[in-house]
Amino acid sequence: MSGLSQVTDKTVDEQVINSNIPVVIEFWAEWCKPCKAMAPMIGELAHEYQGRIKIVQMNVAENQETPARFGIRSIPALIFFKRGEAKQVIVGTQTKGHIEEELLKLL
């Protein structure tokens, strides 16, 4: 989808829960048009916040345990983690400004 790191059911604890910096997971799927529409913006944010907040993606078609674990029922969805704890969940297409507001709360 984009150049963002992909996490899987097997790597989510290591890459997200145990991260020493805040992490945002974007849940997406190849068939999801709103996900594809948001992809360039998510990529920009990942670049802009690199080193301060890690932004990763998880394909829900290939990984079903983690979305179920966190109650993801619709995509696109973003979960904002700090110190391994989910702080915020946003579902649906979002503006860059709204996502940035939530990112700043993690810093």
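Guide: A word on terms comes before the questions: a residue is called buried when its relative accessible area is under 20%. Please also keep in mind that this is a predicted model.

Visitor: Is C32 buried or exposed, and what is its relative accessible area?
Guide: The cut-off for a buried residue is under 20%. C32 falls on the buried side of that limit, and its relative accessible area is 3%.

Visitor: Which residue does a disulfide join to C32?
Guide: Two cysteine sulfur atoms count as a disulfide when they lie within 2.5 Å, and by this rule the count comes to one disulfide. The S to S distance is 2.3 Å, and the residue joined to C32 is C35.

Visitor: What is the order of the strands in the open sheet?
Guide: The strands β1 (5-6) and β5 (85-91) each have a single partner strand, so they stand at the edges. Two bridges join β1 to β3 (residues 54-59) in a parallel pairing, whereas β4 pairs in the antiparallel sense with β2 over five bridges and with β5 over six bridges. The pairing in this sheet of five strands is therefore mixed, with one side of β1 and of β5 left without a neighbour, and the order is β1-β3-β2-β4-β5.

Visitor: At what angle do α2 and α4 pack?
Guide: Helix α2 (residues 33-48) lies across β2, β3 and β4, running at about 165° to β2, while helix α4 (residues 96-106) packs on the sheet and touches β2, β3, β4 and β5. α2 passes α4 in a right-handed crossing, and among the residues making the contact are M38 and L45 of α2 and I99 and L103 of α4. By class, that contact has six nonpolar, no polar and four charged residues. The helix axes are 11 Å apart, and the packing angle is about 35°.

Methods: Residues numbered from 1 in each chain as written. Predicted model: local features only at pLDDT ≥ 70, side-chain atom pairs only at ≥ 80, totals over all residues. Heavy atoms only, no water. Pairing = 2+ DSSP bridges. Helix = DSSP H or I, 4+ residues; strand = E, 2+ residues; numbered from the N terminus. Contact = heavy atoms within 4.5 Å. Axes fitted to C-alpha atoms, helices over the stretch in contact; angles between N-to-C directions. Buried < 20%, exposed > 50% of the residue type's maximum accessible area, 1.4 Å probe, protein only. Left-handed = near helix turned anticlockwise from the far one by under 90°. Nonpolar A, V, L, I, M, F, W, Y, C, P; charged D, E, K, R; others polar.
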